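The sequence and the structure come first.

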Number of protein chains: 2
Amino acid sequence: MGKDMKQTTRRFQQMYEKLKKFHYKLTPQRIAILKILSERFDHPRPEDIYDDLQQQLPTTSPATVYKTLTVLKKLKEVLEIQYSHESNRYDAVNPFPHPHIFCTACQKITDLDFSEYDILQKKIALQTGYHVETVCLEVAGVCPDCQKISESFPGSR
Amino acid sequence: MGKDMKQTTRRFQQMYEKLKKFHYKLTPQRIAILKILSERFDHPRPEDIYDDLQQQLPTTSPATVYKTLTVLKKLKEVLEIQYSHESNRYDAVNPFPHPHIFCTACQKITDLDFSEYDILQKKIALQTGYHVETVCLEVAGVCPDCQKISESFPGSR
DNA sequence: TTTTTATATGATAATTATTATCCATTGATA
DNA sequence: TATCAATGGATAATAATTATCATATAAAAA
Ligand SMILES: [Mn+2]
Ligand SMILES: [Mn+2]
Ligand SMILES: [Zn+2]
Ligand SMILES: [Zn+2]
C-alpha cells in the first residue's frame, strides 16, 4: 500500500467520521462522493465528481454532488476554490486554506508551496489594522514542463 | 479643484485617448461610462455603472456596459476583480493589478496597501520555477471602523 | 425486527451574471 | 454629405448553482 493510498484512506475516514459526528446520514451517494474526493488530488469540479460518480451509481443527480459539497464545506472538510464564471474547484485532500498555482498552458492546478503564505495574514493584519479572516492567493503562469515544451516549439503559442 | 478631481479628470482623459488611439468610436454611451468609471473609487459592479448611466442616458442597455468593460479590459484600462457567482467589480482608477481587502461587516472593498505585493511575483517564480503571469491576492476581514462598532455593541454579530 | 420520522435524493424549475445574436443606428473618415 | 464599419439596444442563449418538492431511506425508537 503506497503512501498516497494510506493518505487517501485516512482522509476518507476523517470525512466519514465527521459526517457521523454531526448526525448526517451516511448514504451510498455520500460515501461514494467521499471516496472520490479523497482519491482526487487534482482539484476536481462538481461535474468531474459527478462523472466519476456515474460509474458507480448511475442514477445519482448533479444536485446531490452540489449538496454534499455544501455540507462538507460547512464542516470544513473541503476547500472551495472559486473561479469567476467557471466551475468551482474542490480540494478535500488538503481542506485547509492554501494557495494554488494554475498553469495557463496545461490547465493544471497545483498546491503552491509558498513558505511565506502562513505569515501573510499577520503581516497584512499589522499593516492594515483589519481583523483578517481569509487570505486568497491564486497565481497563474506557465509551469516548468510547459516552458520546456514551448522552448522546443518556439512561437507555437 | 481637489486632488481627487484632478486625478479623475486625468484618468478620464487617459481612457478617452486610449480609445481614440486604437480607433474605437467615442460614442456618448462610452464617454458617459468613462466618466462614471473615472469618478468611482469603490470598485463598482456592472449594474452599479448601469444605474449611474441611467441618470444621463436612460435608454442605454446593460449590454453596452458589459461591452465597454470588455474593451477597456482588453486595453488594460480597467482592472477586473472576479467574484465567484457574484458580479465582478471593476477598478478603472487604478487599472494595474493590485490586491484588495474586503470588509465582511460593511462590504467595503479597499485597495490593499501591502508593500510586499510587488515582490511576491518574483519570490513565487523563484520558488516554483513557474513563469508567473498573474498574482491574485484578495483578503477578507473586518475593517478597523467595524471593529470599533462591534466593540460598542458586543455580540451584535 | 418492525415502526417511525427526520433527512436525503432526484427530477426539474428558478436564478443570476454574462455572452451571443442581429438589425437599426451612428461616429469617423473621405 | 455620403459611405460604411463599428456600435447600441433588445432579446435570446448560456452556464453554474440553488431552490423546490414529492418520494425514498438511514437511523433511531419501539
Ligand atoms: Mn489544493
Ligand atoms: Mn482597486
Ligand atoms: Zn503546464
Ligand atoms: Zn467595515
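The side chain of B:Arg89 reaches the backbone oxygen of B:His43 at 2.5 Å. This is a predicted model, in which local features need pLDDT of at least 70 and side-chain atom pairs count only at pLDDT 80 or more, while totals for chains, interfaces and linings use all residues. Residues are numbered from 1 along each chain as its sequence is written, and side-chain values use heavy atoms, without hydrogens and water.

B:Arg89 lies in strand E2 (residues 89-91) of chain B; strands are DSSP runs (E) of at least two residues, numbered from the N terminus. B:Arg89 is buried but forms no salt bridge. Buried means under 20% relative accessible area with a 1.4 Å probe, protein chains only, and a salt bridge puts a side-chain nitrogen of Lys or Arg within 4 Å of a carboxyl oxygen of Asp or Glu. The nearest side chain of opposite charge is that of B:Asp48, 5.3 Å away.

## The two domains of chain A

The domain assignment, automatic or from a database, divides chain A into domain 1 (1-93) and domain 2 (97-157). The contact (heavy atoms within 4.5 Å) takes six residues from domain 1 and seven residues from domain 2. The centres of the two domains, taken over C-alpha atoms, are 24 Å apart.

Between them, domain 1 and domain 2 of chain A bury about 570 Å², 60% of it on carbon and sulfur atoms. A:His43, A:Leu79 and A:Tyr83 supply 60% of the area that domain 1 buries against domain 2. Zero salt bridges are found across this interface.

Technical notes. Chains are lettered from A and ligands numbered from 1 in the order in which they are written. Helices (H or I, at least four residues) and strands (E, at least two) are DSSP runs, numbered from the N terminus. Buried means under 20% relative accessible area, exposed over 50%, partly exposed in between (1.4 Å probe, protein chains only). Lys and Arg count as positive and Asp and Glu as negative; His and the chain ends are not counted. A polar contact is a pair of N or O atoms within 3.5 Å; within protein, one must be able to donate a hydrogen and the other to accept it, and residues adjacent in sequence count only if both atoms are side-chain atoms. Buried area is the accessible area (1.4 Å probe) that two parts lose on being put together, summed over both.
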